Amino acid sequence: MQPDLSVNIGSLNLDNPTILAAGILGLSASSLKRAVESGAAAVSTKSIGIEPRAGYINPTIAEVDCGLLNAMGLPNPGVDIYVKEIRLAKEWKIKTIASIFGASTMEFIRIAKMVEEAGADAIELNVSCPHVVAMGMQIGQDPKLVEEISHAVKSEVHIPVFTKLSPNVSDIVEIANAAAKGGSDAITAVNTVRAMAIDIETGYPVLANKIGGLSGPAIKPIAIRCVYEIARSVKIPVIGCGGIMTWEDAVEFVLAGATAVQLGTAVAYRGLNVFKEITSGIEKYLERKGFGSLKEIVGLSHRY
Ligand code: RRO
């Protein structure tokens, strides 16, 4: 018998554990659809705010050793426009996780209600963008604010709420606990790692914003450590994110305690086939090891 790869995150039920991470191909319903057709069980939107934002000027992305450096600056069309894409995704029966950000609790609530009304299946609170002043990480490193926003949004919507955390904090477990206390249904760990590159010929920082976020293989051991630390002290599911390029990486995250995994840089590097490749690699691994389901190996490494 084939192993059961289905997973549940709060009331969100997925046929396999692979999810498109926020910020990659998430600006339109048709690009989200392509990810689902390629095997993603659910897809996250680009982070959506209250107003349209152009983002930073170029260069906003650069390739470095073992990863990608980005400082996009939260470009998005604003929630009023974006809800049309969510409605379309709903019509197409795509499981959509709306990634949202705000500068205040009220903004988070307003956006959350709008995306729920448009048909999003879950909300991911982005409190972890590494380089935008007064949003993202500045919220995500304050446990009181994380609990407050998580609680406020949970009280206003019925769909599951996930909180995406930053690795750029001294104690990620404290922040994860705050999100769980606020009522979050899951933790997504992690967003990008604050980072920088300089062109030695010109002396200029490579990104226009100078500082950005590092993703890709370089951050995988950091993300694994975060997932492991969170999973051993927080009761809600953890969604692993950070440098997952292969099925072996995905299995490592699950053993560390992740219920599902998000793929971002892998899609940029290797194309949309990664969803099916990773799902089929996990399936063969479970068969070879004699497991009947993926759920059986979630957090297995905590035994040792
Ligand atoms: O838009 C971005 O620059 C960005 C966001 Br919102 C985020 O959450 N993480 C990231 O690395 N870049």
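This short talk goes through the ligand site and then the cysteines of the structure above.

Please keep in mind that this is a predicted model, in which local features need pLDDT of at least 70 and side-chain atom pairs count only at pLDDT 80 or more, while totals for chains, interfaces and linings use all residues. Residues are numbered from 1 along each chain as its sequence is written, and side-chain values use heavy atoms, with hydrogens and water left out.

Turning to polar contacts, meaning pairs of N or O atoms within 3.5 Å, a side-chain N or O atom of Thr192 is 2.6 Å from an oxygen atom of the ligand. A polar side-chain atom of Asn70 lies 2.9 Å from a ligand oxygen, and for Gly73 a polar backbone atom is 2.9 Å from an oxygen of the ligand. On its own the ligand has 310 Å² of accessible area, of which the protein covers 93%, as calculated by the Shrake-Rupley method with a 1.4 Å probe.

Now to the cysteines: how many disulfides are there? With a disulfide taken as a pair of cysteine sulfur atoms within 2.5 Å, the count is zero. The sulfur of Cys66 is too far for a bond, because the closest cysteine sulfur, in Cys241, is 17 Å away. For Cys226 the closest cysteine sulfur is also in Cys241, at 11 Å, and that is again too far for a bond.

Definitions and conventions. Polar contact = N/O pair within 3.5 Å; in protein donor to acceptor, adjacent residues only side chain to side chain.
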